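Open the model in your viewer and keep the selection tool at hand.

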Amino acid sequence: MSETTLSYLNGLISKYTPSSTYFDAARAHRWSIQTRLDLRLGVKEMFETGSLKHGTGVWFYSDVDYIVSLKGTRPTSTTALKNVRDALKDRYPDTTVRVSRPAVVCEFAKGKETVEVVPAFDAVGGGYWIPDPKTGDWMKSHPKDHNTYVNEVNKKHSGGAKKLARLAKTWKYKRNVPVSSCYLEMRAAKYADGETNWVLPIDIHRYLKHLRDIELAAMNDPTGLGSRFNAYSSESKKTDAISKLDSAVSRASRAQSYYQADDHARAIEQYKLLFNQ
């Protein structure tokens with residue numbers, strides 16, 4: 001029996017879904033990182049966040065992400081990142097430790113066990129100040145509330161929000177699109193939240209077309225708590241992302257048309273181009 005469009009997409013989602021133990025080696029560095037930062041800078045709390053925590057991570061590409069809430073007076077975001085980088089460089093002299101806003105990236109095991117550490121300071125009224133990738137200043141974030149929001153929306157459409165987010169991130173990584181994973185995830189959740197019906201081949205196209213129509217505009221925090229989410233960090237990256245988004249929309253449109261015409265083989269051909277399979 002020939003493969004259907006839906007079975008192909010579900011298989012792709014399954015292929016890029018990390019196993020529950022895949023990132024255990026990277027997570028094993030957590031306590032030594034926290035201990036070192038507490039000794040050098042003072043730590044209020046450190047917790048996992050990001051796509052793996054949210055259940056939208058992409059196998060092979062996603063990293064383990066932590067937010068570390070630091071004690072003391074909040075300096076510039078550049079200084080905070082430098083302080084965390086220097087503390088971890090001293091602790092792991094044989095590991096590449098570098099700044100990649102908004103995080104300090106530790107490439108353990110030559111990048112096979114990558115951990116990203118985002119320095120943060122408690123914000124009055126809740127949430128955290130974290131480095132802003134675009135402005136170089138600070139931005140207000142509510143990562144725990146964002147996780148709750150995505151989980152709540154994901155109850156609709158049989159987990160459609162996270163499936164759409166994982167496919168969007170797979171496109172990002174496989175096509176080297178310079179757009180924020182967090183932005184793609186929050187846009188996917190907001191999109192899913194506004195839909196009453198759900199047909200994955202149709203919704204992939206509509207979601208990507210929406211991103212193109214708004215030209216990857218910054219979005220308000222859907223929880224109403226934090227700063228706006230930016231899709232890119234520079235105009236040159238926006239130009240590159242929009243160009244690749246144009247191609248993605250065209251391929252998703254053709255795939256949807258073939259799917260609706262019951263021509264699954266041609267629909268799958270378009271998805272293979274879209275996701276670079």
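Predicted model: local features only at pLDDT ≥ 70, side-chain atom pairs only at ≥ 80, totals over all residues.

Select Cys182, which lies in helix α8 (helices are DSSP runs of H or I with at least four residues, strands runs of E with at least two, numbered from the N terminus). Cys182 counts as partly exposed because its relative accessibility is 38%; buried means under 20% relative accessible area, exposed over 50%, and partly exposed in between, with a 1.4 Å probe and protein chains only.

Residues are numbered from 1 along each chain as its sequence is written, and side-chain values use heavy atoms, with hydrogens and water left out.

How many of its residues are buried? The count is 10 of 13, so α8 is mostly covered. Among the buried residues are Tyr183, Glu185, Arg187 and Tyr191. To see what covers the buried residues of α8, show α4 (50–54), α6 (143–153), α7 (160–174) and α9, which are included in that cover.

Next select Ile214, in the loop between α9 (200–213) and α10 (235–260). Ile214 has 25% relative accessibility and therefore counts as partly exposed. Which residues does Ile214 contact, leaving aside neighbours within four places in sequence? They are Tyr183 and Arg187, where contact means heavy atoms within 4.5 Å. Both Tyr183 and Arg187 are among the buried residues of α8.

Now zoom out to the whole protein, with its 11 helices and 7 strands. Its radius of gyration is 19 Å, close to the 19 Å that the globule rule gives for 277 residues, so the protein is as compact as a globular protein of that length (the radius is taken over C-alpha atoms; the rule is 2.2 Å times the number of residues to the power 0.38). Along its principal axes, the C-alpha trace spans about 60 × 35 × 35 Å. Buried residues make up 47% of the 277. Of the contacts with a separation of 6 or more, 64% join residues 24 or more positions apart.
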